[in-house]
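Hi,

Here is the structure I promised to pass on to you. Please have a look at it first, and then read my notes below.

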Amino acid sequence: MSKINVNHVFTSESVSEGHPDKVADQISDAILDACLMQDPTSRVACETLCTTDFVVISGEVTTKAKVDYEKIAREVIKEIGYTDKNIGFDYETAEIVVKIHEQSSDISQGVTEGEGLYEEQGAGDQGMMFGYASDETEEYMPAPILYAHRIVERLAALRKSGDPKYSYLKPDSKSQVSFHYQNGKADHLEAVVVSHQHDATMKIEDLTALVKDVVKEVIPAEFLNDEILYYINPTGRFEIGGPNGDTGLTGRKIIVDTYGGVGSHGGGAFSGKDPSKVDRSAAYMCRYIAKNIVAAGLAHKCEVQVAYAIGVAEPLSINVDTYGTGKLKNDADLEKIIRKVFSLKPKNIIDSLQLKYPNKEWNYSMSARYGHFGRSCFPWEKTDKIKQLQEVAAEFC
């Protein structure tokens, strides 16, 4: 059983929607959305590369949908805010190359119901996936990653507001948040690091004041104090940014996308993949399970791991770790409870979370910025299994 480090500082980072890797993620997921909204049976594994005024879209797509890949990419780039031809990446001038082919038939037969060696729809790949939840915040997320996301998200909203006093802000930015923990709970904010792309008119004192105001706005007062350390654009200058400053690739921000380094990670990325790929759908399901376990009061913290073999429906294993905070006699009982309440077969995961049907309320493009977890709009963030979990757990008491 895991031990709790009772007195420590933990740090997580986030990146804005204008970060080059997130530009790539959003293009890949916008293509996925376009395919699924027209054809829910689409198989998509879309990878994007972004560099100075240049985008490559590649991967495997099998769909009946009519998709204008170049148009989608330009719309995403414009929405992010790359509309200035002078900063090396612009939605109008960027060259876009599309290299898409169909999914391998060898993979397809393993994940299509009624084909391959097994009758049921199997997992789209082998591997292990993790989900995590904690009651340290209302969103059941670790405080450092949650508030790192909120800082860059709010700065992006101000940048896009049209208010001229924020006109010096450009799309690329990063945040880093350090929280002090006492007895396993987030106690107070220790430090904030923000690096934000800007134009030549930026004054560091203005950006510093803005970040401090945003911190006060998005982080609850109970975590704030007068001793917080701020490091704002600590190199002194950040004019060259976005894909012009650093090449972006789909799937390169897997810790930003999940829990900021808290818990474990199976290594699989999310963006650009349809839900037949269990490294996305099963990770969402594990979060759904862990969040409901914590919300049901069965643990203060919970990590759920599953593992699959490609083409096989039933997971090879389910493992639960409550970091010593579980309310039952042992965490093995939670594994038994999970098997009674949830199905972890790929088809059942997809159906229960409605993962083939992105819409205006939620879509995969939304998950590609500011984290895949911790926002109530996503179906894997529901806490609708609390009562059922409590009823089944009563059998083990």
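**What I found**

The largest pocket holds about 340 Å³ of space. Please keep in mind that this is a predicted model. Ala30, Val76, Glu79, Ser365 and Arg369 lie nearest the centre of that pocket, among 18 lining residues. By type, the lining divides into eight nonpolar, three polar and seven charged residues. Helices H1 (20–38), H2 (69–80), H4 (143–160) and H11 (364–367) each supply at least two residues of this lining, and H2 gives the largest share, with five.

The largest nonpolar core has 107 residues, and Ile27, Ile151 and Phe179 have the most contacts inside it. Helix H8 (residues 278–295) gives the most to this core, with eleven residues.

Finally, the strands. E2 (residues 43–51) and E3 (residues 54–62) run antiparallel and are joined by nine bridges; one of the bridge pairs is Cys50 with Val55 in E3. The two strands form a hairpin with two residues between them, and Asp53 in the turn has a positive phi of about 45°. E2 also pairs with strand E9 (residues 248–249), in the antiparallel sense and over two bridges. There, Leu49 stands opposite Leu249 of E9.

Best wishes

Notes: Residues numbered from 1 in each chain as written. Predicted model: local features only at pLDDT ≥ 70, side-chain atom pairs only at ≥ 80, totals over all residues. Heavy atoms only, no water. 1 Å grid on protein atoms, 1.4 Å probe; cavity = no way out; pocket = protein on both sides within 12 Å on 5 of 7 lines; lining within 4 Å. Points joined across faces, edges and corners; volume = space filled by probe spheres on them. Helix = DSSP H or I, 4+ residues; strand = E, 2+ residues; numbered from the N terminus. Nonpolar A, V, L, I, M, F, W, Y, C, P; charged D, E, K, R; others polar. Core = buried A, V, L, I, M, F, W, Y, C linked by side-chain atoms within 4.5 Å. Buried < 20%, exposed > 50% of the residue type's maximum accessible area, 1.4 Å probe, protein only. Pairing = 2+ DSSP bridges.
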